[in-house]
There are 2 protein chains.
Amino acid sequence: MAAGLQRPQAAAACLLLLRYLSCGLCIPDPKLREALIKQEISMQTGGQVVLTDAEQRLDSVLFKMKQKEMMRPDFPPAMHFFKARELIKTSPIFSLLQKMPKGAALHVHDLSMVNAEWLVKNATYRPHCYMCYTDSNSIRFNFSSQAPEKQLNCSPWILLESLRAKLINTTDLDNSIMGNLTLFTNQDPETVYPSQEVVWDKFEKAFQAMWGLFTYAPVFRDYYYQGLTEFYTDNVMYLELRAVLPEIYELDGSCHCVAWTVKTYQEVTRQFKKDHPDFYGARIIFSHNRNASPSKMTEIVQKALKLQQDFPIFMAGFDLVGREDTGRPLWYFRDALSLPGDKGMTLPFFFHAGETNLEGTDVDQNLLDALLFNTSRIGHGFALLRHPLVKYKSRIEGVAVEVCPISNQVMKLVKDLRNHPAAALMSENHPVVISSDDPSMFGSSGLSYDFYEAFVGFGGLRANIGTLKELAKNSIRYSSLTPKQQKEAFALWQKKWDKFVSENAF
Amino acid sequence: MAAGLQRPQAAAACLLLLRYLSCGLCIPDPKLREALIKQEISMQTGGQVVLTDAEQRLDSVLFKMKQKEMMRPDFPPAMHFFKARELIKTSPIFSLLQKMPKGAALHVHDLSMVNAEWLVKNATYRPHCYMCYTDSNSIRFNFSSQAPEKQLNCSPWILLESLRAKLINTTDLDNSIMGNLTLFTNQDPETVYPSQEVVWDKFEKAFQAMWGLFTYAPVFRDYYYQGLTEFYTDNVMYLELRAVLPEIYELDGSCHCVAWTVKTYQEVTRQFKKDHPDFYGARIIFSHNRNASPSKMTEIVQKALKLQQDFPIFMAGFDLVGREDTGRPLWYFRDALSLPGDKGMTLPFFFHAGETNLEGTDVDQNLLDALLFNTSRIGHGFALLRHPLVKYKSRIEGVAVEVCPISNQVMKLVKDLRNHPAAALMSENHPVVISSDDPSMFGSSGLSYDFYEAFVGFGGLRANIGTLKELAKNSIRYSSLTPKQQKEAFALWQKKWDKFVSENAF
């Protein structure tokens, strides 16, 4: 569908260019120049959107804001997000983007939906919360009705309730806990995270640290509800969540199986929809670490197939997660990943691919392999510009790239976001959606910060209200929802959009 | 011609892809996958080059070197060149690239061909060399038979000969002078140059500082001869030099006109060719600062037309130079730039365009305007990926992009060179040539450092000996030489290439 949409546009560009070329060495005609500039703008994401009067008025407001923003010497998209966040918060463009109905978040991970402060202030303040310090400078949590057994390479367990009772001021402790649950820091991020190795190490440690909080049944439910709340508050109406679907434990140490985890996600989603009727819902993309053995991966895919059968409406599909550069490439798991096809069963794939700068290595083939395995979308696709054949295929097949600007910057793939490959992709209306990956890890929340980076950083002065509208629509168009569901979701979104435009166009 | 070359390649890619697409949801066939990988590699710069046996052997050597290089935690293209230079110097790939006949340098500026040390050790050690310190923390030079008049905003003139005679050790003085003539520093470049404003300020000051040295007739001749020597030693056989063509002065204060400057360039080039018969030569692209008034620009274009008439063989054409972001856009000078066309005269343009991250601004239209004014090549073209229509036009018309990796990094357009847009351009064999812009300013020399960044940084593991061969050939193909001259130059280059391959393929 997406490819079809772009054909007339490409044809128009060709015609205009041919007209130009045929004039040979003539002096540039200002009208032709103007037409070519407009033509190029019309090629960008949302360049074909026909704006209503109100949208045009809002666009003028946005354009003026953007002009001001681009003249700042401290231009936020050129800076590390940790330094830029406070500047972005005060930007009038950002305020508008927060209010804007952004559609769906299609690339978000289960363990980093909710800001770290909530975890500290809410989760760790519950009774029976034990914490220990690991030898490798991290922490672990465990909720237990009695003191748990000491873990290897860890200090004895400390009951946080008792520890806090002894302290006059718990701020330092709470801040120190929080520092273990997020990458965000007020210190200079380049100094704290000098390399990809260091930042990935801290990233993985933060997930390990919050594991004992997240997998405790009462926290698990509330965390997910709070996660939906944060996205809903940020005017996101639908989510597709990469979920590792762990076993969830209770205070007495007993465990729930994976189906329970899915069911709980489904129940909490239903409850949230009930509490917020204008929220459309969520689906789960079961995700497993890419460092499994081939036989383990076969098991995992079988498990995924079973879940897909048992929860055909709530499960969206399957993905592999973890650092690509040090992980196993997709092709390594070709037998396991061929299982659904071999069995004639359906398991939609949503593969991370191309989150790398290691051009030409085995890992760098993930992009091609993701498409060969018929992935529904590409997670990140940072390396896509260096793969012209894959890029062409993703475009004509409408396989959208889930672009996560802040994540790619914090994880040190790119420094100045104006150089992010999605700037080029958006300039030619390549199918993309904007997402936030792990907002709590990066000190962001919802989608607005990433929309800001995309709109101001990737789009420069040229991206306009049409771009924003198309990005929001893309998030529904490229979701895993059925055509009927998409129709519903579009209708719901359109209502919100019209309200947003009428309230903000002066 | 370039567009024609690429057509069969594009057709082959399409066919292969259609074959793939027609198989629908089938399990990936390893042979088809292999074919697609090969197909994508064949789309890159040099991907269609058929290698001789010896070239294939050299390629194997290079591939092994590259594998090692890419496993380094301190991967040079990901680092600032000032920090990476020492690492590159010890790289076996770099040694090979130094020996490789690289063809032509098509984007080099007259005032930064020669390493700053030569200026200090040679130029400033000549008799009658006066220096003063400016109020804005820079220096000025003046050769004069008697003490020149004091300049505004400058200390009294100091005769360097006398000053040095008084010093026990001149190292500190010489180093301090050198620091004024180059951006290169051993300190942390991010700290010394925190922003584009700071680095451009220092850049412009360095040109002002060396002006009095460069424009002194005896130094001028020797500087250019030394510049040719440095490129020749780096196995570059032909240059197209952006030259501001200043008036040149003598010791008695008398001045030569611009025609003399061109003639001197021509004479020195002839002398150099006589001394080095395997050097092909040089041509001049007259360049003027883009901050002129429209009427001044009209004068300048008329001057350029006159020079082009008077030196039709030695003059290649015309360009505007200086920082694009703060300078006037090409369209501002549309009347002046239309003069040659209006008069039915020939003045080939070689415009700098797209050396910017300010997407959507007036300056960002330079890329389109350069092409509308029928530029022969694009200088830098850093913003090209964000201009799909311009990119398409530059490709089908074979308007090559002069890519200067180290320059773009030092001038803070991009940090990690793997994210340089030319990586994408080279992956699809967009017409590009590699050049070094202002090697002396960046502490590099000749072309080898920039070839290293392009080959290792842009190309990753996939760029191979075919890529290098094609880049060298591109530099002749996209030069301003006539078809007959190109034939000669190719023959000369091929002889050097065959020797290089036979001496290094084991």
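**Strands and sheets**

Mentor: Let's start with one residue pair: A:V403 has A:I434, in β13(A), as its bridge partner. Keep in mind that this is a predicted model.

Trainee: What makes β12 and β13(A) a pair of strands?

Mentor: Count the bridges. Strand β12, residues 400-403 of chain A, pairs with β13(A) over three bridges. The rule asks for at least two bridges, so the two strands count as paired. Their pairing runs in the parallel sense.

Trainee: Which sheet holds β12 and β13, and in what order do its strands come?

Mentor: It is an open sheet of four strands in chain A, ordered β10-β11-β12-β13, with parallel pairing.

Trainee: Why are β10 and β13 of chain A said to stand at the edges?

Mentor: Look at their partners: β10 (352-353) and β13 (432-434) each have a single partner strand, so each has one side without a neighbour in the sheet.

Trainee: Where else in chain A is there an open sheet, and how is it paired?

Mentor: Three strands of chain A make an open sheet in the order β3-β2-β4, and here the pairing is antiparallel. β3 (139-143) and β4 (158-159) are the edge strands: each has a single partner strand, so one side of each lacks a neighbour.

Trainee: What are the domains of chain A, and how far apart are their centres?

Mentor: Domain 1 covers 81-114 + 217-504, while domain 2 covers 117-204. Their C-alpha centres lie 27 Å apart. In the contact between them, domain 1 takes part with 26 residues and domain 2 with 27 residues.

Trainee: How much area is buried between domain 1 and domain 2 of chain A?

Mentor: About 2400 Å², with carbon and sulfur atoms giving 64% of that area.

Trainee: Why is the meeting of A:R323 and A:E197 called a salt bridge?

Mentor: Set the value against the cut-off. The N to O distance between these side chains is 3.2 Å. The rule wants a Lys or Arg nitrogen within 4 Å of an Asp or Glu carboxyl oxygen, so the pair passes. Across the interface of the two domains the rule finds four salt bridges, and also 13 residue pairs in polar contact.

Trainee: Which helix gives the most residues to the side of domain 1 that touches domain 2 in chain A?

Mentor: That is α11(A), with five residues. By class, this side of domain 1 has twelve nonpolar, four polar and ten charged residues.

**Chain A meets chain B**

Trainee: How many residues are in contact where chain B meets chain A?

Mentor: There are 62 residues of chain B in contact with 62 residues of chain A. Together the chains bury about 5400 Å², and 61% of it is on carbon and sulfur atoms. In chain B, B:R33, B:E359 and B:L389 lose the most area to chain A, together 13% of what that side buries.

Trainee: What makes A:K415 and B:E190 a salt bridge?

Mentor: Their side chains come to 3.8 Å, N to O, and the limit is 4 Å, so the pair counts. The count between chain B and chain A is six salt bridges.

Trainee: How do you know that the salt bridge of A:R33 and B:D369 joins two chains?

Mentor: First the distance: the closest N and O atoms of A:R33 and B:D369 are 2.5 Å apart. Then the positions: A:R33 lies in helix α2 (residues 30-42) of chain A and B:D369 in helix α15 of chain B, so the pair links two chains. In the whole structure, a search over all chains finds 57 salt bridges.

Terms used:
Residues numbered from 1 in each chain as written. Chains lettered and ligands numbered in written order. Predicted model: local features only at pLDDT ≥ 70, side-chain atom pairs only at ≥ 80, totals over all residues. Heavy atoms only, no water. Domains from an automatic or database assignment. Contact = heavy atoms within 4.5 Å. Buried area = accessible area lost by both parts, 1.4 Å probe. Polar contact = N/O pair within 3.5 Å; in protein donor to acceptor, adjacent residues only side chain to side chain. Nonpolar A, V, L, I, M, F, W, Y, C, P; charged D, E, K, R; others polar.
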